[in-house]
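Please examine the sequence and the structure, and then read the points below.

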Amino acid sequence: MKKIKNFIEKNFIKSKNIWLAYLLAIFFGTFGLHRFYLKKNGLKMLLITVLTLGVGVIITYPMLILDLIRIPSWVEECNENNLTPPTEKNIQTNQSNKHINNTVTSTNTLSESLSTSSSLNNSLGANIEETNSSNIDRPRNSQVINYDFKPKLQPVMEFKPKTKMKKKSTRTKTNSSKTIKISRLRKLRDDYVVVDIETTGLSPSEDKIIQLSAIKYIDNKEIAVFNEYINPHTKLSDFIINLTGINQDAVDHGKELNDIKDDFISFYGDLPLVGHYINGFDIKFLIANNLVIKNVATIDTLPLARKLDLENAKLPTVKKFLGINNNSHDSLDDCHTTNALYQFAKENF
């Protein structure tokens, strides 16, 4: 280590090295870094290059060629004049050191003259003690604050799509000739709409929505409910009937999707949509059925459920954990379960 230290001091600190100057000229010569290294006003080349962009590069090439010829003489000159002239800062430092030395000398003389008088010594001792106590470094704010609460995300009271929002990622989906931007929010809000749907299958392009439910929350309080059965104009499979509890008669007497589309769009307005696995399932069906016609923000509660460290993150499992007793795979009941998980996450995560 000592040899390496001596080598660095000899070649890079105490003297200017010719091969290092050449390397700087080759790799950074356009910007004049070799001139900085050799104290030859490299700032001029830097300004020429930056201010004139591409033209500056062309201008500095002839200067660089001349510099390569002059580098040996510059290195020799720098090594001969290794002692740099004192800067203004060094002068000020020297003056302050002289002032300190003079002050120390005068203080010693004063203390010798005061040693003959006991009363003055006591007074001086008191002053010195007071001065030392006042010069002790103290923290700017010495008050200790004990926080007795759990950390909690601060929700935004009002949702404005045009403002900057924390989001995990942004995807675009095409609906007819329009492109809809989906912003996945991380920050939990006070104003939102919980959404859930029941469908005839898993394919947004082939299967149909048979139940659409939404609950609007303002300042975390339920203020409105949207719940409609929708006629898919197809026969429900036995699997869907057993899973959702929705029979054929309920959907046959349900409303047409086009009749409730405008009501649903006006229901959620500009509020973010909260749902369990909404980014992977619900939002795809909503867009495919023209129930979302503009840019929308979503908050998925599935990642929140995974933080509970349960056997799985499905809503029925979460429902048991939270002690909720309602029907699973009923979109309105699932909205209530999703909101309970959402509020639990706000209070505990």
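Just after α10, N290 takes a positive phi of about 60°; helices (H or I, at least four residues) and strands (E, at least two) are DSSP runs, numbered from the N terminus. This is a predicted model, in which local features need pLDDT of at least 70, side-chain atom pairs count only at pLDDT 80 or more, and totals for chains, interfaces and linings use all residues. Residues are numbered from 1 along each chain as its sequence is written, and side-chain values use heavy atoms, with hydrogens and water left out.

**Helix α10**
- Nine of the eleven residues of α10 are buried, where buried means under 20% relative accessible area (1.4 Å probe, protein chains only).
- Among these buried residues are I278, F281, I283 and L286.

**Nonpolar cores**
- A nonpolar core is a set of buried Ala, Val, Leu, Ile, Met, Phe, Trp, Tyr and Cys residues joined through side-chain atoms within 4.5 Å.
- The largest one has 27 residues, and L212, F264, L273, I283, L286 and V292 have the most contacts inside it.
- At least two residues of this core come from each of β2, β3, β4, α9 and α10.
- Another core, of 14 residues, lies apart from it and includes L188 and Y217.
- Beyond four places in sequence, I283 is in contact (heavy atoms within 4.5 Å) with I182, L273, I278, V292, V296 and T298.

**Confidence**
- The chain averages a pLDDT (the predictor's confidence in each residue, from 0 to 100) of 75, and 66% of the residues score at least 70.
- Residues 83-89 have a pLDDT below 50.
- Where pLDDT is low, the predicted coordinates should not be read in detail.

Note on methods:
Buried < 20%, exposed > 50% of the residue type's maximum accessible area, 1.4 Å probe, protein only.
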